[in-house]
Amino acid sequence: GLLVQEEKPLAGRKAIVTSGPTHEPIDPVRYIANRSSGKQGHAIAAALARLGAEVTLVSGPVTVPDPVGVSVVRVERAEEMRDAVLAALPADVVVMVAAVADWRVAAAAGNKIKKRSGEAPPPLLLTENPDILKTIGHHASRPKLVIGFAAETENVADNGRAKLERKGADYILANDVSPSTGIMGGERNSVKLIGRDGTEDWQEMSKDEVAEKLAALIAARLSA
Ligand code: CTP
Ligand code: CA
């Protein structure tokens, strides 16, 4: 009935959320990664599920618990994350919150690289990882709403808008993670919502509150 519809505005909608870091192996015991707790991405997946969406959460290695009512696909590397996101299409909305490693080691070693006294440290030859958000933003089965995050330490609004254009996103939530904000790894976020027709400053709030506010925006946009 009407009550159910009001409480579950995303019923019948499919959402894909990425969260956490990716780990790019150097050898079987070492990896390259970004800092990411997965707190914000997991909170967004949970908030979308509470509004009735069918949510696939594609998560890199994190220690935060799986959100309730969400189907979780665990991955390690960026290429695995891309494959899992593509496999979860079609969807009405994607929210890319993962801190994907921009580069991976071109040829990860099959065995542990040993220190050898007197020898120079091994050089790491890197190669670029696929840009998952850009792939989805320009995909033939592009979801109606494509949303990314941008962690920036300077020129937050300009860098965020450039990413919106480059990646074919509808919104970028740009987050100031310069060390002076103390935001990185914490419970709170201070974001700018950058859209096609303008920018909105969200006051500093908890990651759960950011998730609620974003889920409400998604529900409004999908029902418009
Ligand atoms: N992203 C992605 N795949 C990548 C890199 C980034 O899907 N290989 C997504 C992130 O999940 C995020 C958005 O793109 O939603 C912006 O990520 P960010 O690292 O800020 O952008 P980059 O294009 O990698 O630029 P930068 O040089 O600032 O790292
Ligand atoms: Ca990046």
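## Helix α5: span

Helices (H or I, at least four residues) and strands (E, at least two) are DSSP runs numbered from the N terminus, and the expected span of a helix is 1.5 Å times one less than its number of residues. This is a predicted model in which local features need pLDDT of at least 70 and side-chain atom pairs count only at pLDDT 80 or more, whereas totals for chains, interfaces and linings use all residues. Residues are numbered from 1 along each chain as its sequence is written, and chains are lettered from A and ligands numbered from 1 in the order in which they are written.

Helix α5 has 12 residues (156-167), which should span 16 Å; its end C-alpha atoms are 16 Å apart, in agreement with that value. Just after α5, G168 takes a positive phi of about 65°.

## Helix α5: faces and packing

V156, G160, K163, L164 and K167 of α5 are buried (20 or more other C-beta atoms, placed from the backbone, within 10 Å of the residue's own). These buried residues fall within an arc of 105°, taken from the directions from the helix axis to the C-beta atoms, so they line one face of the helix. On the other side, D158, E165 and R166 are exposed (12 or fewer such atoms).

The buried residues of α5 pack against α4 (132-137), β9 (145-152), β10 (171-176) and β12 (191-195), with contact defined as C-beta atoms within 7 Å.

## Surroundings of ligand 1

Ligand 1 is surrounded by 16 residues (C-beta atom, placed from the backbone, within 6 Å of the ligand), the closest being M96, V100, I132, L133 and G148. The elements giving two or more residues to this shell are α4 and β9; the largest share, four residues, comes from β9.

Key: Contact = placed C-beta atoms within 7 Å.
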